[in-house]
Amino acid sequence: MPETIHLPILRLGRPYRSMDRLKLDAGAVRLEVSLANPGLIRRDLMGIASARAALRRHSAGALAGHCQRAAGLEVGGALPWGDGGDQQGPEDYVRALSALTGLPHTLCRANMRKVGDALANMPAVIAGLTRGLPLEIFDTGVTMRDGLAVNYYPAAESLGVALPSNSPGVNSLWLPATVFKVPVLLKPGREDPLTPYRLIQALIAAGFPGEALGFYPTTHEGGDALLLACGRGIAFGSDATVRRYEQFEGIQVHGTGRSKVLLGADWLDRWADHLGVLVESISANGGRSCINASALFVPGQRDEIADALARRLAAIEPMARDHPEALLCGFANPEQARAIDARIEAHLQEPGAEDVTARHRKGPRLVEAHGQTFLRPTLVVCDDPGHPLANTEFMFPYASLVEMPVGRMLPSLGPTLVVSALTGDAEWIRDLVNCPSIDRLNIGAYPTNRVQWEQPHEGNLFEFLFQRRALQGDLGALGRAAA
Amino acid sequence: MESGAAMNMESRIEGARARLDEHVRAMVEWHFSPGTGCPYWLDWARSAGWDPREKVRAFADMRRFDHFDDEVLRREDPARFVPAAYRGRPYNIFETGGTTGMPKQRIGWEDFRTDYTEFSEHYGDDFFPKGGHWLMMGPTGPRRLRLAIEHLANIRGGSCYFIDLDPRWVKKLITMGELKMVRLYQDHVVEQATTILRHREIQCLFTTPKLLEALAERISLVQAGIRAVFCGGTTMTPQYVRFLIEEVLEGSVRFAPTYGNTLMGLAISRRLTPEDNFSLTYYAPQPRAVLRVVDPKDPDDEVAYGEYGRVELTTLTREFFMPRFLERDEAIRRPACDEFAWDGVGDVRPFQSGSRPVVEGVY
C-alpha cells in the first residue's frame, strides 16, 4: 500500500487542508492535493499588504542571496513534502514527477537543474531583465543613471501564475518576482503540483518569507480568480487560453510558441553539419516546450534535408521512464496522444504533405510501450506554408519542413516565440533583428532551446511588473530614507 | 433510550407518509375535478384515458404519471393552468430560465406566502432578528423570489431593500466569453449593496453564495451589522460551505442555506452538526412538494441512502400540480432527521456535473 502524502494549500505562509482534494498516483506515493475554492484565493489577496511588508523587511540583495541558497536546496536538498513531516529528496521528486507527468527521469533532472540554474544565476537573470539596474532599485524604487534619477514602481501588488504541467522548467519564469519584492501566488498544473511546492519549500528553507508565497491548486474558475485578482497574471496554454484572457491587459499569456529554425541561403550547402541543431531544437525536453522548433524553413534541398533529419528523429525510440537515455515522454492522458495522432493523420489526407519519418521509424506514430502511451517523433514535409500541418505544434517532437526562398521566410513566420536563424548574411540578419514577429532570436548554429541567463526570455517579467515614472526635484531625502 | 428515540422517529416518518398520502388524494381530487381543476390537466386526463382520482390514492401511485415535461411551461399560455376554483382572480406570473428563448412560467396566488411563512416559522425569532430590515441582492424581475423575500421580511416585522441582478444577461456574457463584463456587472451589483449597507440599518441578508463572497470582499458583514444570511442559488460543496461559514461570515453571522426554485418553493437545510462535516442536506416543503433522489437510468427507482442520483420534484398545491419533474440537479439521498420526518437531498450539484462543463455564473 503506497504512502499517502497531502499537499496543503499554502495561504501566504499558512498551510490549509481543503475538503476538496485531487488524488494523484505518483508511483511509490499517493498524493492528495488540497484544492482552493476561488473565493479563498481572493480572500487571501485582501491581506496582500502584509505579504509585501514581509518582503520589504529583506533587501533585494538578501533575497537574491536566498535564491542562490535555494538553488542548492532545490537540486540537492531534502525539503518538506506535504504537511505530514515527510522529507522529499531530489530523487524522490524526480520519481514522483516522472510518474505524474510521463517525463523520463532524465528530463525531470534536466528541468530541475534548469530551474536550479535560474535560482543560482538570479543576479544575472535580473540584470538581463532590467538592463543592468542595481538590485537596490527594488529597495528604494530609485537609482541614479548618468546623473539622472530613474524611478520604477510596481504595477501590481502581486503576481499570479497559472502554471502548466508539460514542462517543470517554466517555473524559472516567475522566480525573479521574488527578488522584485512582488508576492507570488501559484496555481500548479494538474499533473505537476510538485515542482512549485518544492521550489516554495526551497525558498522558505533558504530564508525567504513564506508570507509572500502562495500555492493554490484549484479549478479553472480558481485559475481565473487568481489571474484576475492578482493585478498581474501569467498563464500558459493554447490559442484558446490566449483568446480567453486577451481582454485583460494585466494578464500575459504564453500560448503556443510556434518556434522555428530558418536556414539561410548562405548556409544551405552546410546543412548536414547542423543536423544536430535541428534535432535538438525539435526533440529536446521531449518536444514539450514552446521553445521547441515546430517548423523549419529551408531555401532548397528540401527532400535531402528532410530525409536525413527524419532518419535521425526516427531513431529516437520510447524508453522506460528511468532509462538513462530516455528522451520521449509518455502522455499522462493517453486520450490526448490518440487525439493528436488522429488529427495528424486526418490532415495528412489533405494533398501537399508527407510524414517523412514514417519511412524510417520502427512502427506507427502512436505506440504503447513501457506501460505508457507515446507518440514517436514526426517530421512532415509540406508543399505550402499554409498547409494545416505546416504552422502548428504538438506536445511531442513534431515539426514541419517547408521550402521557400529566404525572402519569403519572414513574411511567412507569424507570431514566433524563438527563431534560430542559421545564417551569416548581414543583410538578412538586419531584417531578422527588426522583425516584430519574433520574441527571441538566435543567430548562428544554436538550437531554439538555448538559454542565456543575461537575456530576457518569454516576455520580460520586469517590464510586465514595473512601470517607470518621471521623477525630478529635491531627491536628497530619498538617499536618507534608503540609508 | 436509543430504541425509544428510533421508534419515535419511525412513527414520525410514518405520520408524515400518511399525511402525504392524504394530501396527494386531496390534490388529485382538486386538480382533476371539473369544478376545481385547470384546463391543462383536465384536457390531459381526457386524452390520457384514465382518471387519476380513481387510480392515485397514495404518493406511491404518482408513478402512474409520466415525468412532467417542463417544455409545457414554455409552450402553454399560463391561463391554461388557472384552476376553475380560482377563475377570475388575477394571478402572479413567475419565470425561470429564459436565457435564450421563452422562459418557463408558473402562475400563483398564495403559494409563495405559504412557503415563506413556513420557512419563517422554522427559524426562531432570534435567527433572523424580528423587526430587523432586510436586503435582497439577487435576481428580482419576474421571479417568485423577489415577492417571497419581501413577504418574509414583512411577516418578521421588517422591510426589505432590493438590488437586482439579471442572471440571463450574466449567463449570456459567460457564454460569449465576456469575462471582463461579467466582473464589471458583478462589481456594479455589489457596489450598490455596499452603499445601502453603509447608509441603512440592515440585519438580514438574502443573496446568492457568489454575491455573498463578493460583498464580503468589500466590507465585513459583521461590522456592517448583518446578523443572519439566507442563501440559495448555486452548488455549495462542503468546502465552500466551510469557507462561507468560517471566513465570509467570520464564524459569527448565522447562515440559512436553501435549495429551491420557482417550481418547488424552497427546501430548508437541516442544522449542521460537526458530524455533517459541512455537507448540506435540504428537505422539501412536504407535503406541498416532494423531492426524491432517483436512479438516472431508471427514474422510477430511488437510489440507496448515501448515493448520488437525479433529483425528482413533485409539486402538489392547489395552485400548481407538477408530477415527477426530473430536475437538472443530482444529489445524495439522505434519511429523515429530527427537524424533518422525510428524506432529504444532500450536496446538490448540477446533473452529471462531473462529466460536462456547466455554466453557473456569478449569481
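Reader: The crossing of helix 1 of chain A and helix 10 of chain A, left-handed or right-handed?
Author: Right-handed, that is, the near helix is turned clockwise from the far one by less than a right angle. Helices here are DSSP runs of H or I with at least four residues, strands are E runs of at least two, and both are numbered from the N terminus.

Reader: What am I looking at, and how is it numbered?
Author: This is a predicted model, in which local features need pLDDT of at least 70, side-chain atom pairs count only at pLDDT 80 or more, and totals for chains, interfaces and linings use all residues. Residues are numbered from 1 along each chain as its sequence is written, while chains are lettered from A and ligands numbered from 1 in the order in which they are written.

Reader: Back to that helix pair, what angle do helix 1 and helix 10 of chain A pack at?
Author: About 20°, with axes 8 Å apart, for helix 1 (residues 38-45) and helix 10 (residues 220-229) of chain A. Axes are lines fitted to C-alpha atoms over the stretch in contact, and angles run from 0 to 180 degrees between N-to-C directions. Helix 1 and helix 10 of chain A are therefore roughly parallel, the word for angles under 35 degrees.

Reader: Which residues make the contact?
Author: Helix 1 of chain A gives A:P38, A:I41, A:R42 and A:L45, and helix 10 of chain A gives A:E221, A:G222, A:A225, A:L226 and A:A229. Contact means C-beta atoms, placed from the backbone, within 7 Å.

Reader: Domains in chain A, what are the bounds?
Author: Domain 1 is 37-255 and domain 2 is 259-443, with bounds from an automatic or database domain assignment. Their C-alpha centres lie 30 Å apart. In contact are 13 residues of domain 1 of chain A and 18 residues of domain 2 of chain A. On the domain 1 side, helix 4 (90-101) and helix 5 (105-120) of chain A each supply at least two residues.

Reader: New topic: how many residues of chain B are in contact with chain A?
Author: 14 residues of chain B, against 14 residues of chain A. Helix 10 of chain B gives the most to the chain B side, with six residues.

Reader: And what is the radius of gyration of chain B?
Author: Taken over C-alpha atoms, it is 21 Å for chain B. The globule rule, 2.2 Å times the number of residues to the power 0.38, gives 21 Å for 363 residues, so chain B is as compact as a globular protein of that length. Chain B has ten helices and 13 strands.

Definitions and conventions:
Two residues are in contact if their C-beta atoms, placed from the backbone, lie within 7 Å. Angles under 35 degrees count as roughly parallel, over 145 as roughly antiparallel, 65 to 115 as roughly perpendicular and the rest as oblique.
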